[in-house]
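Here is a short briefing on one protein chain. Please look over the sequence and the structure first.

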Amino acid sequence: VQLQASGGGLVQPGGSLRLSCAPSENVFKINTWAWYRQGPGKQRELVASMTLAGSTNYEDSVKGRFTISRNNAQKTVYLQMNGLKPDDTAVYYCKADMMVARNSWYRDYWGQGTLVTVSS
């Protein structure tokens, strides 16, 4: 099973993008979804996360601009990014705490990353 992220691209400062991520095949259950990013010369950092119960957590610099959401029926996570800044330029990765089959166990799966470039 792989996680497939999409939605990245080139956007001007102040613009918006919506990222999405989903498993490549049907899985049993997803607990926590998260988005991470890694900018040029920077370490990977947590951007936002959302538990199955709906609790969210955001990195301080994106609060009020980014919104994480999930569709549990489609087992998809989204990251709506508004008011984008050049500092948001990074490869964005999704991560799922996922149980692939009923008789398996939870473990982390990572998406391949999607590039977001904010530039005029």
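Which residue's side chain makes a polar contact with the side chain of Lys63? The partner is Asp60, at 3.0 Å. This is a predicted model.

**Around Lys63**
- Lys63 sits in the loop between strand 6 (56–58) and strand 7 (66–71).
- Its side chain reaches that of Asp60 in the polar contact of 3.0 Å.
- Ala48 is 15 residues from Lys63 along the chain, and their C-alpha atoms are 9.1 Å apart.

**Strand 4 and its partners**
- Strand 4 (residues 29–38) runs antiparallel to strand 9 (residues 90–99), with 8 bridges between them.
- Trp33 has Ala96 in strand 9 as its bridge partner.
- Strand 4 also runs antiparallel to strand 5 (residues 45–50), here with 5 bridges.
- On that side, Tyr36 has Leu46 in strand 5 as its bridge partner.
- Strands 4 and 5 form a hairpin, with 6 residues between them.
- Gly41 lies in the turn of this hairpin and has a positive phi of about 70°.

**Salt bridges at Arg37**
- The whole structure holds 6 salt bridges.
- Glu45 and Arg37 form one of them through their side chains, at 2.7 Å from N to O.
- Glu45 is partly exposed, at 30% relative accessible area.
- Arg37 is buried, at 6% relative accessibility.
- Glu59 also forms a salt bridge with Arg37, at 3.8 Å from N to O.
- Glu59 is in the loop between strand 6 and strand 7, while Arg37 is in strand 4, so this pair ties together parts 22 residues apart in sequence.
- Glu59 is partly exposed, with a relative accessible area of 22%. The cut-off for buried is under 20%.

**Salt bridge between Asp88 and Arg65**
- Asp88 and Arg65 form a salt bridge, with their closest N and O atoms 2.7 Å apart.
- The pair links distant parts of the chain, 23 residues apart.
- Asp88 lies in the loop between strand 8 (76–81) and strand 9. Arg65 lies in the loop between strand 6 and strand 7.
- Are these two residues buried or exposed? Both Asp88 and Arg65 are buried.

**The network**
- Side chains of opposite charge can pair when their charged atoms come close.
- Here, salt bridges link Arg37, Glu45, Glu59, Arg65 and Asp88 in a network.

Key. Residues are numbered from 1 along each chain as its sequence is written. This is a predicted model: local features need pLDDT of at least 70, side-chain atom pairs count only at pLDDT 80 or more; totals for chains, interfaces and linings use all residues. Side-chain values use heavy atoms; hydrogens and water are left out. Two strands pair if DSSP finds at least two bridges between them. Helices (H or I, at least four residues) and strands (E, at least two) are DSSP runs, numbered from the N terminus. A polar contact is a pair of N or O atoms within 3.5 Å; within protein, one must be able to donate a hydrogen and the other to accept it, and residues adjacent in sequence count only if both atoms are side-chain atoms. A salt bridge is a side-chain nitrogen of Lys or Arg within 4 Å of a carboxyl oxygen of Asp or Glu. Buried means under 20% relative accessible area, exposed over 50%, partly exposed in between (1.4 Å probe, protein chains only).
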